[in-house]
Amino acid sequence: MGSALFFLTVYLIYPILNTAFISFLGRNSEEFTGLDNYWYVFTNPDMLAALKNNLLWLVVFTSITVSLGLIIAVLTDRVRYEAAAKALIFLPMAISFVAASVIWRFMFEFRPAGMPQIGLLNALLGTLAGLEPVAWLVNTGVNNFALIGVGIWVWTGFCMVILSAGLKGIPLQILEAARIDGASEWRIFWRILLPMMRTTILVVATTMVIIVLKVFDIVYVMTNGNLGTEVIANRMYKEMFNYRHFGRASAIAVILLLAVIPVIVSNIRRFRAQEAVQ
Amino acid sequence: MTGKLVKALSRSALHIVIISICLVWTLPSFGLLVNSFRSRRDIVGTGWWTTLKTPFTFTVENYVEVLTGQTHGKGKAPDSRRSILGDIITGHGLGRAFLNSLIISIPSTLIPVLVASFAAYALAWMRFPGRDLLFILVVGLLVVPLQMTLIPILRLYKGLQLAGTFLGVWLAHTAYGLPYAIYLLRNFFSALPRDLFESASLDGASQFVVFYRIVVPLSIPAIASLAIFQFLWVWNDLLVALIYLGGTRDVAPLTMHISSMMSSLGENWHLLPAGAFISMVLPLIIFATLQPYFVRGILAGSLKG
C-alpha cells in the first residue's frame, strides 16, 4: 500500500496541483502573470482553431462511433458468424494509433489527376465514380474528417462490444412478446431496444467524449496539426516542446482537466451508490 | 409466399451489409500487409491491389532493411545471415526499437500489477483509517488526463537525471497505470466470498499468506486481463515515450521510431508498411490467442489517463 501511495502522490497528485499553479505563472514559471495564459488559450487564433476542431471531433466522432457501434451490434446479433465479424471490427483496438495512422496514410495517398493512384480511396473514386482524386490530408475541407475517420475506424469496435453486451442483457421474453403482438423489427428497435439500452449508450458516449478531449497520436503523426487540423492535446505538446512556454502548456492541461471533472464526479457518485447497495 | 420472399431478401440484405462493413474494416490493414511485401518501386508506383495476380512478385527486403536500418544485398557483397541478425539487435533500425519496446513494456507491466495487487488487497480486505477516502481518490484519478502531470514530472526528472532513461519511463507508466489497476483488482478482490478469509484467519494464516495462497490464485483471470491491457497500453503508447525519453534513437520504442520515419518525408516511405506490421505483430498475437482476457481488459480500462 505504501508504494502505491508513493506513486499516486509523486506522479499524480503533486503534479496536478503543481500544473494548476504553473498555469498562473509565466513562460519559465518565474513570475506571476494572473490569468494571462488562460486569456491566451481562449483568444489566440491557433488555440481557437484547436478548440474548434476538438468540437468537430466531439460531434462527428462521438455520434458516428456510438451509432455505428450500435447498428453493428444489433445487426451481428442476428447472424451465426457474429463472433468472427465482431473480432474483425474490434481488431484495430489492439494496434497503436501510430500503426493505424500508417495504414490510413496509404489509404489516403494522393497523386495528381492523370497519374496512377496508389491510395485505395482515390483509386476507387476514379474508377468507380469517375471523380478527380482528393488530397485527403491536405485539402482543408476534408482533412479533419479524414483524421476523424481514422479515429472512428479504431474506436467503433469498442463501442460495438460494450453495446452488444448491453443488448444481450435485454430479456428475450420482452422481445418475443413484442414480436407476437406484431411489432415490426424497426419499431422494436426504437421502442424497446433503444430505451432499455439508454444507460449503456450514455456510458459509451462519455467514454468517447474523454477520448476526443485527449486525442493526440493520430493528429501528431498524420499532420502534426498543420493545415488546420490542430487539436488541444497536440497544441499543448507544441507549447511545451516547440515554444517552451510552460505556463501556457499548463493552462491547456488545466482546461482538459476541467472538461473531465463532470465525469470524475459522476464516477465517484456511481461508485458510492454501488458501495451503498452492498 | 411473398412473406417468405421478403424474408429471404431482407436476410441477404443483412448479410451484405455486415460483410461490407467487415470488408471496410479489414481492407486497409490487408492492403498495408500486401504493400509491406512489395519492392520499393512497386510501392511508390502502383496500388497494392495491382500485385494480386500471378506471377506474384513479393519480397521481404523491406523487412530486412527496416529491421537493420541498412540496405542489404544491393551493390554490396552479400551479407551472411549472422551479420543481418547482428544488425537487427545492435543497429539503428526497427530491430533495436522492437527491443526497446520490450525493455519498456515488460517492467512497465510487471511493476504496476504487483504494486496494485498489494494495494487492492489492502483496500478490499484490511481495515485502516482513511481507507474509503483513499479508494475514492483512486476512482477520481481514473480519468485525469495525464497531460496534467507531464510538466512537473519532466522537471523533476531533469533534476534527478531520469529524463531519457528507461527507469524514468518504467516509473511513469507504473504510476499512470495504477489507478485503473487498483480499481479493477480491488473490485474483483472484494467480490470474493468473505468465508474464505474468515476460515483462513481462524487457521492462523497471516495477511500475506492469505493474499498469496488464496487471493492471487483465485484472481488469475482478472490479473491476466489487467496485465494484457497494461502491456498493450505501454506497447502502443507514444505520448509518454515522447515526453520522457526525448529524441534519442537509442532508447526510442517502435511507436516513436515509426512516427519519426513518417515525418521524415519521402525517403523511407517504402519501409513504413513493413515497419507498421512489425509493431503490430505482438498485439495481433495477443489478440488472437488471449481474446477473452484482452476484450475484458480493454473494456474495463477504456477511461484510463
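A nonpolar core is taken here as a set of buried Ala, Val, Leu, Ile, Met, Phe, Trp, Tyr and Cys residues joined through C-beta atoms within 7 Å, where buried denotes 20 or more other C-beta atoms within 10 Å of a residue's own, with C-beta atoms placed from the backbone. The model is predicted, with local features requiring pLDDT of at least 70 and side-chain atom pairs pLDDT 80 or more, while totals for chains, interfaces and linings use all residues. Residues are numbered from 1 along each chain as its sequence is written, and chains are lettered from A and ligands numbered from 1 in the order in which they are written.

The largest nonpolar core comprises 161 residues, and B:Ala116, B:Ile182 and B:Leu185 have the most contacts inside it. Helix α8 (residues 166–190) of chain B provides the largest share of this core, 15 residues (helices are DSSP runs of H or I, at least four residues, numbered from the N terminus). Beyond its neighbours within four places in sequence, B:Ala116 contacts A:Ala4, B:Leu178, B:Ala181, B:Ile182 and B:Leu185 (contact: C-beta atoms, placed from the backbone, within 7 Å).

Between the chains, 67 residues of chain A contact 64 residues of chain B. The chain A side consists of 54 nonpolar, nine polar and four charged residues.

Chain B is divided into domain 1 (1–59), domain 2 (60–91) and domain 3 (94–301), with bounds from an automatic or database domain assignment. The C-alpha centres of domain 1 and domain 3 of chain B lie 36 Å apart. Seven residues from domain 1 of chain B and six residues from domain 3 of chain B form the contact.

Key:
Two residues are in contact if their C-beta atoms, placed from the backbone, lie within 7 Å. Ala, Val, Leu, Ile, Met, Phe, Trp, Tyr, Cys and Pro count as nonpolar, Asp, Glu, Lys and Arg as charged, and the others, Gly among them, as polar. A residue is buried if 20 or more other C-beta atoms lie within 10 Å of its own, exposed if 12 or fewer, and partly exposed in between; C-beta atoms are placed from the backbone. Helices (H or I, at least four residues) and strands (E, at least two) are DSSP runs, numbered from the N terminus.
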